[in-house]
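Me: I have a structure open here and I'd like to go through it piece by piece. Can I ask you things as I go?

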Amino acid sequence: MNFYILTLFPDMVMQGLNTSIIGRASEKGLLHIEAINIRDYTKDKHKKVDDYPYGGGAGMLMQAQPVYDAWKSVVDRVGYQPRCVYLTPQGSVFHQTQAKSLAQEKDLILLCGHYEGIDERVLEEIVTDYVSIGDYVLTGGELPAMVLVDAISRMVPGVLTNDESGCTESLEGNLLEYPQYSRPEEWNGKKVPAILLSGDHAKVDAWRRQQSILRTAERRPDLLEKAQLTEKERIQIQKNLQEN
Ligand code: ADE
């Protein structure tokens, strides 16, 4: 899968994405991640990419021309208009199901804003998806773009090894992952739950499912409303909530 990240800070993005699992997948050729410096496309003789907003107000805006030309350079190269995601707190909040769906794309353009944002006219021309990574404001779209590249890439076939793909299901059914334990059997006076040592796979699976549900009820009740639970499981949650 090919990612084209339009940014004023290409080094920041590339340095964050060339290590660990994503770096390895890029080396293997499963991913191609490229940062395109918007400043390289300005026609201003001082290399300026921003200006004051019409109507007044605080801060500067990224101008339409360099953003459009940076985008056009990718479109001309790939020969069509791939989906173009603008990272903004005004977008819909990113979720695992969207990561999975975007991983189906062959090419994806990610647009990172800075200053007070980008001239609306170019956004209307090029952006297909407005995405936020949460209800807080960052200084730019670079960290959100890196979050998307990571979350989408791990859904691309071959990027995770078999050992790593275990956590793929987490969040997909709108349930949080169950607690996990490794050696030693006792640490700091705390024992691993006996059922995990029993060797009874059916019981282990049932225990993990129950733990997932309880954990989600406790930490993310908003998710639980969307999870597919049996009637018995819903009754169990009510019972647990009443007891606590
Ligand atoms: N740019 C600034 N803040 C952001 C956020 N929360 N999500 C996506 N892009 C952003």
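This is a predicted model: local features need pLDDT of at least 70, side-chain atom pairs count only at pLDDT 80 or more; totals for chains, interfaces and linings use all residues.

Me: Which residues in H9 are buried?

Reply: Glu233, Ile237 and Asn240 are buried in H9. Looking down the axis of H9, its buried residues fall within an arc of 65 degrees, so they line one face of the helix.

Me: And which ones are exposed on the other side of H9?

Reply: Those are Glu231, Lys232, Ile235 and Gln242.

Me: How many residues does H9 have, and what does it reach from first C-alpha to last?

Reply: H9 covers residues 231-243, which is 13 residues, and reaches 19 Å. That is close to the 18 Å expected at 1.5 Å a residue.

Me: Now H2. What is buried there?

Reply: Helix H2 runs over residues 20-27, and Ile22, Gly23 and Ala25 are buried in it. They cover an arc of only 165 degrees around the axis, which puts them on the same side of H2. Ser20 and Glu27, on the other side of H2, are exposed.

Me: What do the buried residues of H2 pack against?

Reply: Three elements: helix H1 (10-17), strand S2 (32-37) and helix H6 (142-153). Just after H2 comes Gly29, with a positive phi of about 85 degrees.

Me: You mentioned S2. Where does Ile33 lie, and is it buried or exposed?

Reply: Ile33 lies in strand S2. Its relative accessible area is 11%, under the 20% cut-off, so Ile33 counts as buried.

Me: What does Ile33 touch?

Reply: Leaving out residues up to four places away in sequence, Ile33 touches Phe3, Ile5, Met14, Leu17, Ile22, Ser26 and Val149. As for Gly23, that residue and Ile33 are 10 residues apart in sequence, and their C-alpha atoms are 9.5 Å apart in space.

Me: Back to H6. How many of its residues are buried?

Reply: In H6, 9 of the 12 residues are buried, so this helix is largely enclosed by the rest of the structure. Among them are Glu142, Pro144, Met146, Leu148 and Val149.

Me: What span should H6 have, going by 1.5 Å a residue?

Reply: The 12 residues of H6 should span 16 Å, and its end C-alpha atoms are 16 Å apart, which agrees.

Me: Different topic. Where is Asp119?

Reply: Asp119 lies in the loop between strand S6 (107-112) and helix H5 (120-126).

Me: Why does Asp119 count as buried?

Reply: Because its relative accessibility is 16%, and buried means under 20%.

Me: Which side chain does Asp119 have a polar contact with?

Reply: The side chain of Arg121, in a polar contact of 2.7 Å. If its neighbours within four places in sequence are set aside, Asp119 is in contact with Met62, Gln63 and Ala64.

Me: Last thing, the largest pocket. What is its volume?

Reply: The largest pocket has a volume of about 520 Å³. Its lining is made up of 25 residues, and Tyr86, Thr88, Pro89, Glu116 and Gly117 lie nearest the centre.

Me: Which elements give two or more residues to that lining?

Reply: Strand S5 (83-93), H5 and strand S7 (129-132) do. S5 gives the largest share, 5 residues.

Definitions and conventions
Residues are numbered from 1 along each chain as its sequence is written. Side-chain values use heavy atoms; hydrogens and water are left out. Helices (H or I, at least four residues) and strands (E, at least two) are DSSP runs, numbered from the N terminus. The expected span of a helix is 1.5 Å times one less than its number of residues. Buried means under 20% relative accessible area, exposed over 50%, partly exposed in between (1.4 Å probe, protein chains only). The arc is that of the directions from the helix axis to the C-beta atoms. A polar contact is a pair of N or O atoms within 3.5 Å; within protein, one must be able to donate a hydrogen and the other to accept it, and residues adjacent in sequence count only if both atoms are side-chain atoms. Contact means heavy atoms within 4.5 Å. On a 1 Å grid over the protein atoms alone, a cavity is a set of points where a 1.4 Å probe fits but cannot get out, and a pocket is an open set with protein on both sides within 12 Å along at least five of seven lines; lining residues have an atom within 4 Å of a point. Grid points are joined across faces, edges and corners, and a volume is the space filled by probe spheres set on the points.
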